[in-house]
Amino acid sequence: MRIYIIVFFLLPFLNKGFAQQGIIDLTKNNQSPDRIMILDLLRSRVKPQIKQDVTFVVRSLQMKNNYAFFKGNVRDAKGGKIDFSKTIFKNEEKEGMFDGDPVYALFKKVNGKWKYLVHAIGPTDVVYACWASTYKAPKQLFDHNDDCGN
């Protein structure tokens with residue numbers, strides 16, 4: 001009887017662990033070579049849009065099956081807020097179609113090297129909702145997935 005009670009109380013915790021199986025969380029692992037390569041690759045794409053050196057606040061960086069999904073915020077090189085009125089996003093910001101510094105990006109590791117797939121800065125909606133189906137990435141990386149007909 002005691003075994004059944006213990007299993008009953010532990011089952012929800014065990015189930016959650018299995019659901020997250022295979023995801024590698026690099027959010028706080030600043031020394032990870034994968035994290036460093038991914039952020040450098042993202043920086044090479046974002047810097048020309050922002051027209052200045054940038055750094056990132058990493059809110060989430062997770063990997064699964066050679067895919068990595070980044071959620072964070074872009075900052076200037078010293079960690080300060082960016083004046084987007086001086087970037088390619090000035091019109092979108094002026095029209096209220098830009099949500100500031102949030103950044104979302106997807107990468108894929110091919111032959112041991114990270115490749116950039118897509119990113120978005122300041123989206124006003126869940127821009128990554130179709131990325132799992134569009135890029136054949138693991139749905140477990142995303143907190144929102146739509147069936148996008150791909």
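## The chain as a whole

Helices here are DSSP runs of H or I with at least four residues, and strands are runs of E with at least two, numbered from the N terminus. Read along the sequence on that basis, this predicted model follows the pattern α-β-α-β-β-α-β-β-α. That gives 4 helices and 5 strands in the protein chain.

The chain has 150 residues, and 39% of them count as buried. Among contacts with a separation of 6 or more, 52% join residues 24 or more positions apart. The accessible surface is about 9,600 Å², and carbon and sulfur atoms hold 53% of that area.

## A walk along helix H2

Let's begin where H2 starts: a side-chain oxygen of Ser32 comes to within 3.2 Å of the backbone nitrogen of Asp34. The helix itself covers residues 33–50. Its 18 residues, at 1.5 Å a residue, should span 26 Å, and the end C-alpha atoms lie 25 Å apart, so the two figures agree.

Further along, H2 has a kink of about 30° at Ser44, shortly before the proline Pro48. After the helix comes Lys51, with a positive phi near 65°.

Which residues of H2 are buried? They are Asp34, Arg35, Ile38, Leu39, Leu42, Val46, Gln49 and Ile50.

The partners of these buried residues are four stretches of strand: S2 (54–64) and S3 (67–76), together with S4 (102–110) and S5 (113–121).

Key: Residues numbered from 1 in each chain as written. Predicted model: local features only at pLDDT ≥ 70, side-chain atom pairs only at ≥ 80, totals over all residues. Heavy atoms only, no water. Expected span 1.5 Å × (residues − 1). Bend = angle between axes of the 7 residues up to and from the residue. Buried < 20%, exposed > 50% of the residue type's maximum accessible area, 1.4 Å probe, protein only. Contact = heavy atoms within 4.5 Å. Polar contact = N/O pair within 3.5 Å; in protein donor to acceptor, adjacent residues only side chain to side chain. Areas by Shrake-Rupley, 256 points an atom, 1.4 Å probe, with all protein chains shown as cover.
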